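Good morning, and thank you for joining this group meeting.

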Amino acid sequence: MTDRMEADGWRERGIAAYARIFGMPEGEVSAAFTARVGAAFAEEALHAAGGAAWSHPALTGRDRSVAIITALAAQGVSGDRLRTHLRLGREHGLDDDALTALMTLLAGYIGYPRASLAMETVHTIAEEENS
């Protein structure tokens, strides 16, 4: 770990951000990331998450959630990664109507196959929460 990473607090802010995103204690974040992607990649991700992108006051949590969900849907990402950010988006005020409207809007821009894949995940989460 470099002196810069320790001095500017980016790693610590990154750990705090990922703890919120993944709903885990801060003390477990580094080990969980290292186990999943290896030490070098985990450190880079923690450092990046502690930068301005996750803390700049011009964006709300809801804004960030819309942007990240859109990016994941556009890339065809599904599974745990999309579910995690959909859950976080719901915590930031994106209800079923908002997520449905977002996927409907995105369909024209990213294509129906990718938007419908994301919409299936939205629908599955809604069913799980209502059962």
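**Cores, pocket and confidence**

In this predicted model, the largest nonpolar core comprises 13 residues, and those touching the most other members are Ile-69, Leu-82, Leu-86, Leu-99 and Met-103. Four helices, H6, H7, H8 and helix H9 (112-130), each contribute at least two residues to this core. Helix H8 provides the largest share of the core, namely 4 residues.

Let us consider one member in detail. Once neighbours within four places in sequence are set aside, Leu-82 has contacts with Ile-69, Leu-72, Val-77, Ala-118 and Thr-121. Apart from this core there is another, of 11 residues, which includes Ala-19, Val-29, Phe-33 and Leu-88.

I turn now to the open space. The largest pocket holds about 530 Å³. Its lining consists of 20 residues, of which Tyr-18, Phe-22, Phe-33, Arg-81 and His-85 are the closest to the centre. Which helices each supply at least two residues of that lining? They are helix H2 (10-22), helix H3 (26-37), helix H4 (39-49), helix H6 (61-74) and helix H7 (79-91). In terms of class, the lining has 15 nonpolar, 3 polar and 2 charged residues.

The protein has a mean pLDDT of 89, with 95% of its residues at 70 or more. Where is confidence lowest, and where is it highest? Helix H1 (residues 3-8) is lowest, with a mean of 51, whereas helix H8 (residues 96-110) is highest, at 97. Over residues 1-5 the pLDDT stays under 50, and the model has 10 contacts beyond four places in sequence for them.

Note on methods: Residues are numbered from 1 along each chain as its sequence is written. This is a predicted model: local features need pLDDT of at least 70, side-chain atom pairs count only at pLDDT 80 or more; totals for chains, interfaces and linings use all residues. Side-chain values use heavy atoms; hydrogens and water are left out. pLDDT is the predictor's confidence in each residue, from 0 to 100. Contact means heavy atoms within 4.5 Å. On a 1 Å grid over the protein atoms alone, a cavity is a set of points where a 1.4 Å probe fits but cannot get out, and a pocket is an open set with protein on both sides within 12 Å along at least five of seven lines; lining residues have an atom within 4 Å of a point. Grid points are joined across faces, edges and corners, and a volume is the space filled by probe spheres set on the points. Ala, Val, Leu, Ile, Met, Phe, Trp, Tyr, Cys and Pro count as nonpolar, Asp, Glu, Lys and Arg as charged, and the others, Gly among them, as polar. A nonpolar core is a set of buried Ala, Val, Leu, Ile, Met, Phe, Trp, Tyr and Cys residues joined through side-chain atoms within 4.5 Å. Buried means under 20% relative accessible area, exposed over 50%, partly exposed in between (1.4 Å probe, protein chains only).
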